[in-house]
Amino acid sequence: MLERVRIGGLDVAIVIDETVDGFGEWWEQKQVIRVAPGLPARTLAATVLHEALHAIGDAYGVPLSERVVRVLEQSLVGMVRADPEGARRWMEAVIRGDVA
């Protein structure tokens, strides 16, 4: 699992926390994404993405409702799961700087 992610100017920690209600939460005051222990790998990945979307909204001053975050999370996860190899190639291009 990722331990940190850079979002805008924020260095956001990702931690497993037994006190989390539900799957996860973005804790803006501490700039940390907290996720529940014991989540299956696919659920954990989707949860981190979901909470990162909340963090992105806060970092850029664009409030995102829970509904909007859920739609974005489900759509992005669906795109990757539908074509994992295509998603991998796209991410490799982003890392190389081939995508603007």
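Predicted model: local features only at pLDDT ≥ 70, side-chain atom pairs only at ≥ 80, totals over all residues.
Residues are numbered from 1 along each chain as its sequence is written, and side-chain values use heavy atoms, without hydrogens or water. Local features need pLDDT of at least 70 and side-chain atom pairs count only at pLDDT 80 or more, whereas totals for chains, interfaces and linings use all residues.

**View 1. The largest pocket and its lining**. A pocket is an open set of points on a 1 Å grid over the protein atoms alone, where a 1.4 Å probe fits, with protein on both sides within 12 Å along at least five of seven lines; lining residues have an atom within 4 Å of a point. The volume, the space filled by probe spheres set on the points, is about 820 Å³. Of the 28 lining residues, A45, L49, L76, V80 and M91 lie nearest the centre of the pocket. At least two residues each come from β1 (4-7), α1 (41-59), α2 (66-82) and α3 (84-96), these elements being DSSP runs (helices H or I, at least four residues; strands E, at least two) numbered from the N terminus. The largest share, 10 residues, belongs to α1.

**View 2. The second largest pocket**. This pocket holds about 180 Å³ of space. Its lining consists of F23, G24, T43, A46, T47, H50, E51, E66, R70, E73 and Q74. Both α1 and α2 supply at least two of the lining residues, and α1 gives the most, with 5.

**View 3. The packing of α1 against α2**. The two helices pack at an angle of about 135°, and their axes are 9 Å apart; axes are lines fitted to C-alpha atoms over the stretch in contact, with angles from 0 to 180 degrees between N-to-C directions. In the contact (heavy atoms within 4.5 Å), R42, A46, L49, H50, L53 and H54 of α1 meet E66, V69, R70, L72, E73, L76, V77 and R81 of α2.
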